[in-house]
Amino acid sequence: MRKCGTPLDFWIPDGPTSNRITAGDAAGMPLYNSETAKACVAIAGGRRGTAIDGGAYIGTFSAHIVAFFNRVIAFEPLKDNFDCLKLNVPGVECHNMALSQRTEPVMLGQPSAKRKTYQWRIGSPDCAISVPGQAIDDLE
């Protein structure tokens, strides 16, 4: 794990894609997470209750919405990403699990055993790992 050096100065996991993902949040770049966060806030209107960030990665989206909601809950199933998430967004409630239809273990796997990426997919048979799963309907 290391600091990425962009203006957000996020902790990122060591790996081949981490700099590319966080670079989009650098000043002067297209701010996907910022624009998406603004859209979520607009949709919520005056209701500023709870926001859920599923597949939170390292918190690039949660960091943009935490100031606009009373509570932000972030779910990230991969341990390296989760460790960075906790450091990057201290005002966010973080859970080391995947969101799913049912509260039960979920199999995650990379799209291909030959590809190194932090973008895992549910149910992929290659390089599968089991992670805890949480159903949104079972949340308080």
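Figure 1. Glutamate 76 is buried, with a relative accessible area of 5%. This is a predicted model, and the loop in question runs between S4 and H4, which is where glutamate 76 lies. Why does glutamate 76 count as buried? Because its relative accessible area is 5%, and the cut-off for buried is under 20%. The side chain of glutamate 76 reaches a backbone atom: the nitrogen of leucine 78, at 3.0 Å. Leave aside the neighbours within four places in sequence, and glutamate 76 is in contact with Gly55, Ala56 and Tyr57, with Asn81, Phe82 and Leu85, and with His95, Asn96 and Met97.

**Figure 2. Arginine 71 and glutamate 93, a salt bridge between two strands.** Here the side chains of arginine 71 and glutamate 93 meet in a salt bridge, with N to O at 3.0 Å. Arginine 71 sits in strand S4 (residues 71–75) and glutamate 93 in strand S5 (residues 93–95), so the pair ties together parts that are 22 residues apart in sequence. Buried or exposed, or something in between: what is arginine 71? Arginine 71 is partly exposed, at a relative accessible area of 32%. Glutamate 93 also counts as partly exposed, at 30% relative accessibility.

**Figure 3. The open sheet S3-S4-S5.** Zoom in on the sheet and you find three strands, in the order S3-S4-S5, with parallel pairing. Strand S3 (50–54) and S5 are the edge strands, each pairing on one side only. From one strand to the next, the twist averages 15°. How many bridges does the parallel pairing of S4 and S5 run over? S4 and S5 pair over three bridges. Alanine 74 stands opposite cysteine 94 in S5.

**Figure 4. The largest nonpolar core.** In soluble globular proteins, nonpolar side chains tend to be buried together. The largest nonpolar core in this model has 15 residues, and the ones touching the most other members are Ile65, Phe69, Val72, Leu85, Val92 and Cys94. Helix H2 (32–44), S4 and H4 each supply at least two residues of the core. Which element gives the most to this core? H2 does, with three residues. Now take valine 92: with neighbours within four places in sequence left aside, valine 92 is in contact with Ser62, Val66, Val72 and Ala74.

Figure 5. The N to O distance is 2.6 Å where the side chains of lysine 79 and aspartate 83 meet in a salt bridge. Both residues belong to helix H4 (residues 79–88), and they are four residues apart, about one turn of the helix. Lysine 79 counts as partly exposed at 46% relative accessibility.

Figure 6. Look for threonine 103 in the loop between strand S6 (98–100) and strand S7 (106–109). At 43% relative accessibility, threonine 103 counts as partly exposed. Proline 132 comes 29 residues away along the chain from threonine 103, yet their C-alpha atoms are separated by 7.8 Å. Which side chain joins that of threonine 103 in a polar contact of 2.6 Å? The partner is aspartate 138. A polar atom of the threonine 103 side chain also lies 3.1 Å from the backbone nitrogen of alanine 135. Once neighbours within four places in sequence are set aside, threonine 103 is in contact with Gly133, Gln134, Ala135 and Asp138.

Figure 7. The side chains of glutamate 104 and arginine 102 meet in a salt bridge (N to O, 3.1 Å). Glutamate 104 is partly exposed, with a relative accessible area of 35%. Arginine 102 counts as partly exposed too, at 48% relative accessibility. The total for the model comes to three salt bridges.

**Figure 8. Zooming back out to the chain.** Taken as a whole, the protein chain has four helices and ten strands, and along the sequence the pattern reads β-β-α-α-β-α-β-α-β-β-β-β-β-β. The chain has 140 residues, of which 39% count as buried. What share of the contacts between residues at least 6 apart in sequence join residues at least 24 apart? That share is 44%.

Conventions:
Residues numbered from 1 in each chain as written. Predicted model: local features only at pLDDT ≥ 70, side-chain atom pairs only at ≥ 80, totals over all residues. Heavy atoms only, no water. Salt bridge = Lys/Arg side-chain N within 4 Å of Asp/Glu carboxyl O. Buried < 20%, exposed > 50% of the residue type's maximum accessible area, 1.4 Å probe, protein only. Polar contact = N/O pair within 3.5 Å; in protein donor to acceptor, adjacent residues only side chain to side chain. Contact = heavy atoms within 4.5 Å. Core = buried A, V, L, I, M, F, W, Y, C linked by side-chain atoms within 4.5 Å. Pairing = 2+ DSSP bridges. Axes fitted to C-alpha atoms, helices over the stretch in contact; angles between N-to-C directions.
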